[in-house]
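Colleague: Got a minute to go through the cavities and ligands in this one with me? I'd like to see the structure before we talk.

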Amino acid sequence: MMTTSASPVRFAARPAPEPAPAAISPVSAQTRWRVADIEALFALPFLDLLFRAQETHRAHFKAGEVQRSTLLSIKTGGCSEDCGYCSQAARHHTGLERESLMPLEEVLEHARAAKAGGSSRFCMGAAWRSPKEKDLAAVIEMVREVKKLGLETCVTLGMLDGEQARRLADAGLDYYNHNVDTAPDYYNKIVTTHTLQDRLDTIEKVRDAGINVCSGGIVGMGEGQAGRAGLIAQLANMTPPPESVPINKLVPFPGTPLAEGETLDPFDFVRTIAVARITMPKSFVRLSAGREQMSDELQALCFMAGANSIFYGERLLTTGNTDAGNDMRLFARLGLVSI
Ligand code: SAM
Ligand code: DTB
Ligand code: SF4
């Protein structure tokens, strides 16, 4: 059973929760979102929810402007962790070949191509529980060199300690991606080799080092609407909420424990985007993994619901992404503008 209050985790906690609003009221920067309030948003009639998400979006962003980030897996497979969705966990028999850390020059070739293609941010992902010293030094060099190309940088390397976060900040890293992934009381059904608190601790260290936080989650892992509300609550109650919120739709990968799970009603995915937009009005909400399996019409609904960022380019980490040409045709058809 999902609880009706947000997790009491240290990072998300605030001193004095606001009293329950009579209606589902707009939040101020100081309001704590209760899971029940967020569930009530999910329960709104679809058109009312979308209307409200549009209103919120237009109050904080220029409608139709979409940021593009390109992903690169710089270290693929062989991960010690057991995240149930992930193709890169060594213990899942996914047939994925383990690769060592990509050399700097190869990373830069991908980054130059991303820049030429119009992406504004380059995100480098590594299948680590946490980075070892030698690896971190190499990634720091990558961050410095990618920045010189005029791209924003993001890395996702697993858990960090404070010193590692500070060194990444000193290298000029713009964003660190570390997802909370699902609701607090669903987390240990998905991952057992680390805890949600471990992830919140890393996010806190990233924040303290002055790096922008990119944190979101995955929907479609059997969490239900209450689980999606729990996911959004912990993100929205961070102080401040993450600057970037990737909402991933599970990409079922053969050989992972979650490959054969239930399929998500696509409108519930759109609802999740809309609720993220309403509860985190100033954050970039990224329509992330799973776009390749979405129709143009479904993606248009996600933009309508307040998504204003995408992963752009033919690959995510180990799976495919929508063709860049298709994306640009869709942007043109919808009058969306890249920023
Ligand atoms: N090891 C690092 C970590 O766990 O933070 C970085 C890489 S990990 C692959 C980054 C994120 O990708 C995960 O937190 C998860 O949200 C997302 N992800 C991984 N596999 C996915 C899948 N099959 N479908 C959707 N999202 C996925
Ligand atoms: C995020 O939230 N989604 C990206 C990025 N952050 C690192 C990863 C999606 C991975 C999808 C499955 C794969 O390609 O392996
Ligand atoms: Fe490893 Fe990250 Fe995949 Fe978990 S999500 S198995 S930590 S690469």
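This is a predicted model: local features need pLDDT of at least 70, side-chain atom pairs count only at pLDDT 80 or more; totals for chains, interfaces and linings use all residues.

Colleague: Fine. How many cavities of 30 Å³ or more does a search of the whole structure find?

Modeller: The search finds 2. A cavity here is a set of points on a 1 Å grid over the protein atoms alone where a 1.4 Å probe fits but cannot get out. Points are joined across faces, edges and corners, and a volume is the space filled by probe spheres set on the points.

Colleague: What volume does the largest cavity have?

Modeller: About 910 Å³. Its lining has 43 residues, and Y85, C86, Q88, N179 and L317 are the closest to its centre. Lining residues have an atom within 4 Å of a point.

Colleague: Which strand gives the largest share of that lining?

Modeller: Strand 2, with 4 residues. Strand 2 (121-126), strand 3 (152-156) and strand 7 (244-249) each supply at least two residues. Strands are DSSP runs of E, at least two residues, and helices are runs of H or I, at least four, numbered from the N terminus.

Colleague: And how does the lining of the largest cavity split by class?

Modeller: There are 25 nonpolar, 12 polar and 6 charged residues. Ala, Val, Leu, Ile, Met, Phe, Trp, Tyr, Cys and Pro count as nonpolar, Asp, Glu, Lys and Arg as charged, and the others, Gly among them, as polar.

Colleague: Which residues come nearest to ligand 1?

Modeller: T156, N179, D181, R199 and V251, out of 16 around it; a residue counts as near if one of its heavy atoms lies within 4 Å. That shell has 8 nonpolar, 5 polar and 3 charged residues.

Colleague: What polar contacts does ligand 1 make?

Modeller: A polar contact with a ligand is a pair of N or O atoms within 3.5 Å. A side-chain polar atom of D181 is 2.6 Å from a ligand 1 oxygen, and a side-chain N or O atom of R199 is 2.8 Å from an oxygen atom of ligand 1. On the backbone side, a polar atom of Y85 lies 3.1 Å from a nitrogen of ligand 1. Taken alone, ligand 1 exposes 550 Å², and the protein buries 89% of that (accessible areas by Shrake-Rupley with a 1.4 Å probe).

Colleague: OK, ligand 2. Which residues come nearest?

Modeller: N179, N248, L317, T318 and T319, from 13 around it. A side-chain N or O atom of T318 is 2.6 Å from an oxygen of ligand 2, and a backbone N or O atom of L317 lies 2.9 Å from an oxygen atom of ligand 2. The protein buries 86% of the 400 Å² that ligand 2 exposes taken alone.

Colleague: How many charged residues are in the shell around ligand 2?

Modeller: None; the shell has 6 nonpolar and 7 polar residues. Around ligand 3 there are 6 nonpolar, no polar and 1 charged, namely C79, E81, C83, Y85, C86, A89 and A127.

Colleague: What about the second largest cavity, what volume has it got?

Modeller: About 30 Å³. V251, G290, R291, E292, Q293, L316, T319 and G320 line it.

Colleague: Switching to pockets, what's the volume of the largest?

Modeller: About 450 Å³. Its lining has 21 residues, with T70, L71, H110, E314 and R315 the closest to its centre. A pocket is an open set of points with protein on both sides within 12 Å along at least five of seven lines.

Colleague: Last one: which residues does the cis peptide bond join?

Modeller: T239 and P240, with omega about -5 degrees. P240 lies in the loop between helix 8 (224-236) and strand 7.

How values were computed: Residues are numbered from 1 along each chain as its sequence is written. Chains are lettered from A and ligands numbered from 1 in the order in which they are written. Side-chain values use heavy atoms; hydrogens and water are left out. A polar contact is a pair of N or O atoms within 3.5 Å; within protein, one must be able to donate a hydrogen and the other to accept it, and residues adjacent in sequence count only if both atoms are side-chain atoms.
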